Amino acid sequence: MEAVELEYRSVLATLYWKILSDLDDVAVVYEVSPSCTALASSLLTLLIDKGAKARAVRRSDLNHPLDHVFVAMGPYREGLGEEVLEVLRLVRRVAVVHTPAYYAAEEMAGFPEAIRRVEVRYAARELPDVVTYYRVVARNGALEKAVIGEERITGVKMEVIRRYEAEKMALSY
């Protein structure tokens with residue numbers, strides 16, 4: 001993993017923190033990949049520093065229900081939606097889901113059923129310098145989505161995002 005990606009995952013953790021910080025017992029479920037592990041580690045640091053009961057759970061080891069979960073899975077790929085649904089079916093209360101994992105799961109026909117008793121939260125950067133936070137619940141098979149906050153990205157966070165995106169674009173050529 002390049003240094004700028006590690007910095008980027010740390011920035012993501014600070015953004016997700018806004019919709020995790022009210023939870024005091026969180027399992028960070030992560031795929032064993034450099035990017036997901038870095039994101040999970042950064043989030044665990046923030047949670048533990050707050051005094052939350054936080055634990056890391058490899059996706060491959062998850063086989064029991066949990067109350068509060070952060071889902072660090074991605075990037076988008078074939079089969080990601082099904083894997084995320086499997087995790088969401090084990091959540092009893094709140095799931096905060098990494099954006100690519102959320103969108104992959106939301107596309108699945110079984111998504112409303114998988115979250116019927118769960119509040120799902122995610123973040124989306126719909127403008128270059130703004131993150132919008134969402135809460136999603138399913139009622140009677142229909143999704144109800146509400147904006148629960150926004151954050152303007154400035155300073156060092158924006159610098160890191162720009163460097164990461166520039167490097168990613170350079171590598172795609």
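One definition before I start: a residue counts as buried when its relative accessible area is under 20%. Phe 70 has a relative accessible area of 0%, so Phe 70 is buried. Please keep in mind that this is a predicted model.

Now the aromatic pairs. Searching the whole structure gives seven of them. Take Tyr 16 and Phe 70: the ring centres are 5.0 Å apart and the planes meet at 65°, so this pair is edge-to-face. Tyr 16 sits in helix α1, residues 3-17, while Phe 70 sits in strand β3, residues 66-72, so the pair links parts of the chain that are 54 residues apart. Tyr 16 is buried too, with a relative accessible area of 2%.

The next pair is Tyr 103 with Tyr 122. This one is edge-to-face, with 5.6 Å from centre to centre and 75° between the planes. Tyr 103 belongs to helix α4, residues 99-106, and Tyr 122 to strand β5, residues 119-127, so the pair ties together parts 19 residues apart in sequence. How exposed is Tyr 103? At a relative accessible area of 33%, Tyr 103 is partly exposed, whereas Tyr 122 is buried at 1%.

Both of these tyrosines belong to one aromatic cluster, made up of Tyr 102, Tyr 103, Phe 111, Tyr 122 and Tyr 134. Tyr 134 also has a charged neighbour: Lys 145 lies over the face of its ring, 5.9 Å from the ring centre.

Back to helix α1. This helix has 15 residues and spans 21 Å from its first C-alpha to its last, close to the 21 Å expected at 1.5 Å a residue. Which residues of α1 are buried? They are Val 4, Glu 5, Tyr 8, Arg 9, Val 11, Leu 12, Ala 13, Leu 15, Tyr 16 and Trp 17. Note that Glu 5 and Arg 9 are on that list.

Next, strand β3, where Phe 70 sits. The strand is mostly covered, with six of its seven residues buried. On one pairing, β3 goes with strand β1, residues 25-30, in the parallel sense over four bridges. There, Ala 27 stands opposite Val 69 of β3. On another, five bridges join β3 to strand β4, residues 91-97, and these two strands run parallel. In that pairing Phe 70 stands opposite Val 96 of β4. How does the chain get from β3 to β4? The path goes through helix α3, residues 80-88, and this β-α-β crossover is right-handed.

On the way, in the loop between β3 and α3, we find Pro 75. The peptide bond joining Gly 74 and Pro 75 is cis, with omega about 5°. Further on, Gly 81 is in helix α3. Gly 81 has 5% relative accessibility and therefore counts as buried. From Gly 81 to Tyr 134 of the aromatic cluster, the C-alpha distance is 18 Å, and the two are 53 residues apart in sequence.

In soluble globular proteins, nonpolar side chains tend to be buried together. Here the largest nonpolar core has 33 residues, and those with the most contacts inside it are Tyr 16, Leu 20, Leu 39 and Phe 70. The elements that give two or more residues to this core are α1, β1, α2 (34-50), β3, β4, β6 (130-139) and α6 (155-171). Which of them gives the most? That is α1, with eight residues. So the edge-to-face pair we began with, Tyr 16 and Phe 70, takes both its members from the residues with the most contacts in this core.

Two last residues. Asn 140 has a positive phi of about 55°, although Asn 140 is not a glycine. Asn 140 is in the loop between β6 and β7 (142-152), and is exposed, with a relative accessible area of 85%. Met 158, by contrast, is in helix α6 and counts as buried, at 6% relative accessibility. The C-alpha atoms of Met 158 and Ser 60 are separated by 33 Å, and these residues are 98 apart along the chain.

That is the end of my list.

How values were computed
Residues numbered from 1 in each chain as written. Predicted model: local features only at pLDDT ≥ 70, side-chain atom pairs only at ≥ 80, totals over all residues. Heavy atoms only, no water. Phe/Tyr/Trp six-rings, centres within 6.5 Å; stacked < 30°, edge-to-face > 60°. Buried < 20%, exposed > 50% of the residue type's maximum accessible area, 1.4 Å probe, protein only. Lys NZ or Arg CZ within 6 Å of the ring centre and 35° of its normal. Expected span 1.5 Å × (residues − 1). Pairing = 2+ DSSP bridges. Right-handed = clockwise from strand over helix to strand, strands pointing away. Core = buried A, V, L, I, M, F, W, Y, C linked by side-chain atoms within 4.5 Å.
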